[in-house]
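Hello,

Here is the structure I promised to pass on to you.

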Amino acid sequence: MSEHELTSTLEDYLETILNIVSTRKVARSMEIAESLNVKRPTVTVALRTLAEKGLINYEPRSYITLTDNGEKIAKCVDKRHHVLRDFFMEVLNLSLQESETAACHMEHSMDNNLCEAVTNLLTALRNDQDLASRLKKAMKTAGKTGKCKKVCKGTALGNKE
């Protein structure tokens, strides 16, 4: 099973379980519910689905762990999240909160080629501070046009600033 056969919600569950398991070795439905800010019955439905797909080890009222395939998918989603978040912060100069929110929304539709391209760009900019500085200066100059703000001004999309 590839990560493309999962909904973004199920990918979020896997990523959350990975994060919990990385510090506590096992996850509990209560911790997952708190982390995702959902009710426990909602978690139970998702856990059953993930268990049916062979991505987690789960029995009601028991600990939850990832299977090898579940861990592989969770790590992939987590990698994409961090690549996007770092790109938004380091290259686009967005705040941590803006970067986290955008990364959460976009990580699910990012394919391997895009992930690799963004990773390569981040690596190049981290390794060449002169290049990074020139790019940021060029972006600042180009940004003075405010084209997006002009087009979206007065719309619900334009108010998300």
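**Salt bridges, cores and packing**

Arg-126 is partly exposed, because its relative accessibility is 41% (buried means under 20% relative accessible area, exposed over 50%, partly exposed in between, with a 1.4 Å probe and protein chains only). Before I go on, please note that this is a predicted model, in which local features need pLDDT of at least 70 and side-chain atom pairs count only at pLDDT 80 or more, while totals for chains, interfaces and linings use all residues. Residues are numbered from 1 along each chain as its sequence is written, and side-chain values use heavy atoms, with hydrogens and water left out.

Back to Arg-126: its side chain meets that of Glu-90 in a salt bridge, 2.7 Å from N to O (a salt bridge is a side-chain nitrogen of Lys or Arg within 4 Å of a carboxyl oxygen of Asp or Glu). This pair links distant parts of the chain, with Arg-126 in helix α6 (residues 112–127) and Glu-90 in helix α4, 36 residues apart. Helices here are DSSP runs of H or I, at least four residues long, numbered from the N terminus. Glu-90 counts as partly exposed because its relative accessibility is 31%.

Arg-85 and Glu-100 form another salt bridge, with the closest N and O atoms 3.4 Å apart. That pair also links distant parts of the chain: Glu-100 belongs to helix α5 (residues 96–106) and Arg-85 to helix α4, 15 residues apart. Arg-85 is buried at 17% relative accessible area, whereas Glu-100 is partly exposed at 23%. Together with Asp-86, the residues Arg-85, Glu-90, Glu-100 and Arg-126 are linked in a network of salt bridges. The structure holds eight salt bridges.

Lys-75 is partly exposed at 45%, and so is Glu-71 at 30%.

Arg-80 is in α4 too (residues 68–90). Arg-80 counts as buried because its relative accessibility is 2%. A polar atom of its side chain lies 2.7 Å from the backbone oxygen of Met-110.

Now for the nonpolar cores (sets of buried Ala, Val, Leu, Ile, Met, Phe, Trp, Tyr and Cys residues joined through side-chain atoms within 4.5 Å). The largest has 22 residues, and those touching the most other members are Leu-14, Ile-17, Ile-32, Leu-47, Leu-50, Ile-56 and Ile-64. Two or more residues each come from α1 (8–24), α2 (29–36), α3 (40–52) and α4. The largest share, six residues, is that of α1. Apart from this core lies another, of twelve residues, including Phe-88, Met-110, Leu-125 and Ala-132.

How do α1 and α4 pack? Their axes are 8 Å apart, at an angle of about 95 degrees (axes are lines fitted to C-alpha atoms, for helices over the stretch in contact, and angles run from 0 to 180 degrees between N-to-C directions). The two helices are therefore roughly perpendicular, the word used for angles of 65 to 115 degrees. Among the residues making the contact are Leu-14 and Leu-18 of α1 and Ile-73, Lys-75 and Val-77 of α4, where contact means heavy atoms within 4.5 Å.

Best wishes

Conventions: Polar contact = N/O pair within 3.5 Å; in protein donor to acceptor, adjacent residues only side chain to side chain. Parallel < 35°, antiparallel > 145°, perpendicular 65-115°, else oblique.
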